[in-house]
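This briefing concerns the packing of helices and the local backbone geometry of one protein model. Please consult the sequence and the structure shown here while reading the points that follow.

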Amino acid sequence: KSIGMGYASGKIILMGEHSVVYGEPAIAFPFSGTGIQATIRKHKLESWIESSFFHGPLSEAPTTMRNVTILLWYLVKHFKIPEPFYLKVESSIPAERGMGSSAAVAVAITRAVFDWMEEPTTQKNVLYFVNQAEAVAHGNPSGIDATTISGTEPILYQKEIGFQPFQLNMDAYLVVADTGIKGQTRKAVRDIAKLMELRPRETAKQIKSLGRLTQQAQQAILKNQPHILGDCMNQAQGLLRLLGTSNRHLDHLIETALNHEALGAKLTGGGRGGCMIALAENETSGRQLQQILLAAGARNTWIEGLGVYAHV
Ligand code: MEV
């Protein structure tokens, strides 16, 4: 085959970021609003990367792309990919905003290589490669990003236990807004680990409470109770703020959403910047929220109908 192509969407964590690192459950779904396309083919002189972030010889890729270079190393070794190659990565996922762009890059590239080598992909064998890249990108990842993005459905995820598909079917809309500020997942994860050492009892209690809120949210979704889900989101945001993962940009958009009839609002993903999500009762109020959040300084917004969840 002369060319290999692979696609991956972004992801949204509805409930359970950070506490998922400590074994608590989380709910996430592949987010079709954004995605990454990777294309790979033979090249003449040297292996080359073409992306908005960096374009040039693979050998000169910056250290911030170590997740990609390590992934390629594993893929080259496993598939004996013909070198040199030309890899193009086109992304509409804002980088470092809690939407899983690092996992999505890895999934898209892995799928492109499988396609090029004419190997059938399964989620398990894609994940094997993606996890190598994520370990480098995030330090101590729970695996939720890679698992969500390499799949096609919303999931309930628990570290070391695995995931189960989860029907995210309710009469409500989710608005996603990007603060435009780069998040700091790695640092936020590390700072919570520090809190765990400094104030073990209090921090463990907060993490447990986040886990309990995810379970309550799960029940609310199963019973189609958007108001209860919104309440769970608000309580989770309160705890995430106490754990130091919010910041004033996120707080501002969250407060704005709550002042304009959102049923609930919280950060999503690693925090300290990145994206927030707000639950809206119907499409009209969701679209209004989008406008209001843009006027309040959001860089970009998206809307996803939970009742008509489209499989990616
Ligand atoms: C990042 O998308 C989610 C975090 O919970 C980190 C992780 O689970 O690896 C913050």
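The axes of helix 1 (residues 66–79) and helix 2 (residues 101–116) come within 11 Å of each other and cross at roughly 20 degrees. Helix 1 is therefore roughly parallel to helix 2. The model is a predicted one, in which local features need pLDDT of at least 70 and side-chain atom pairs count only at pLDDT 80 or more, while totals for chains, interfaces and linings use all residues. Residues are numbered from 1 along each chain as its sequence is written, and side-chain values use heavy atoms, with hydrogens and water left out.

**Terms for helices**

- Helices (H or I, at least four residues) and strands (E, at least two) are DSSP runs, numbered from the N terminus.
- Axes are lines fitted to C-alpha atoms, for helices over the stretch in contact, and angles run from 0 to 180 degrees between N-to-C directions.
- Angles under 35 degrees count as roughly parallel, over 145 as roughly antiparallel, 65 to 115 as roughly perpendicular and the rest as oblique.

**Helix 6 and helix 7**

- Helix 6 and helix 7 pack with their axes 9 Å apart, at an angle of about 165 degrees.
- Helix 6 is therefore roughly antiparallel to helix 7, and their crossing is left-handed.
- Residues of helix 6 in this contact include Leu-210, Leu-213 and Ala-217, and those of helix 7 include Leu-229, Cys-232 and Leu-239.
- The residues of the contact of helix 6 with helix 7 comprise 12 nonpolar, 4 polar and no charged.

- The 17 residues of helix 7 (residues 226–242) should span 24 Å at 1.5 Å a residue, and the end C-alpha atoms are 25 Å apart, which agrees; the expected span is 1.5 Å times one less than the number of residues.
- Among the buried residues of helix 7 are Pro-226, Met-233 and Gln-237 (buried means under 20% relative accessible area, exposed over 50%, partly exposed in between, with a 1.4 Å probe and protein chains only).
- The cover over the buried residues of helix 7 includes strand 1 (3–15), helix 6 (200–222) and helix 8 (248–259).
- Gly-244, with a positive phi near 85 degrees, follows helix 7.

**Loops and backbone**

- Most residues other than glycine have a negative phi, and most peptide bonds are trans.
- Glu-96 has a positive phi near 55 degrees, and at 44% relative accessibility Glu-96 counts as partly exposed.
- Asn-224, in the loop between helix 6 and helix 7, also has a positive phi near 55 degrees.
- Glu-83 and Pro-84 are joined by a cis peptide bond, with omega about -5 degrees.
- Arg-97 lies in the loop between strand 5 (85–91) and helix 2, and counts as buried at 10% relative accessibility.

Notes. Contact = heavy atoms within 4.5 Å. Left-handed = near helix turned anticlockwise from the far one by under 90°. Nonpolar A, V, L, I, M, F, W, Y, C, P; charged D, E, K, R; others polar.
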